[in-house]
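Please read them beside the coordinates.

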Amino acid sequence: MDWLATLHFEGIVIGICTFLIIGLFHPIVVKAEYYWGTRCWWWFLLLGIAGIIGSVLISDILISTLLGVFSFSSFWTIKEIFEQRERVLKGWFPMNPKRKHEYESRS
């Protein structure tokens, strides 16, 4: 990783990785809500807490920063899981037919 420091590419690498991390969370939100509904929000809370702990404990700035991005993307996903449920109710995303009763009881 020292060669990155000499070329000053850290910002570009962090930017690309941030873009990829955030982009990865969109399909995760869609799939998580489809299969488990909103009750999976606490998984993302635990992932976020683990990411913060890792970010604080790791001294490498690149890894620490990426763990921070991952952590707060996990926290943001909690909000997105509940908003995804609303998008499903509006018909913008497919509803899991095995969980249709959950949508009907909470509408």
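1. Helices (H or I, at least four residues) and strands (E, at least two) are DSSP runs, numbered from the N terminus. Over residues 7–29 the chain is 91% helix and 0% strand, with its end C-alpha atoms 36 Å apart.

2. This is a predicted model, in which local features need pLDDT of at least 70 and side-chain atom pairs count only at pLDDT 80 or more, while totals for chains, interfaces and linings use all residues. Residues are numbered from 1 along each chain as its sequence is written, and side-chain values use heavy atoms, leaving out hydrogens and water.

3. The mean pLDDT (the predictor's confidence in each residue, from 0 to 100) is 90 for the protein chain, and 93% of its residues reach 70 or more. Confidence is lowest in helix 1 (residues 2–7), at a mean of 66, and highest in helix 3 (residues 41–57), at 97. Where pLDDT is low, the predicted coordinates should not be read in detail.

4. An unreviewed UniProt entry lists residues 7–29 and 41–70 as "transmembrane region"; such annotations may be inferred rather than shown by experiment, and the positions follow the numbering used here, with feature names shortened. Residues 41–70 are 90% helix and 0% strand, and the end C-alpha atoms of this span lie 15 Å apart.

5. How do the axes of helix 3 and helix 4 (residues 61–89) cross? They come within 8 Å and cross at roughly 165°, the axes being lines fitted to C-alpha atoms, for helices over the stretch in contact, and angles running from 0 to 180 degrees between N-to-C directions. Helix 3 and helix 4 are therefore roughly antiparallel to each other, a label for angles over 145 degrees.

How values were computed:
Angles under 35 degrees count as roughly parallel, over 145 as roughly antiparallel, 65 to 115 as roughly perpendicular and the rest as oblique.
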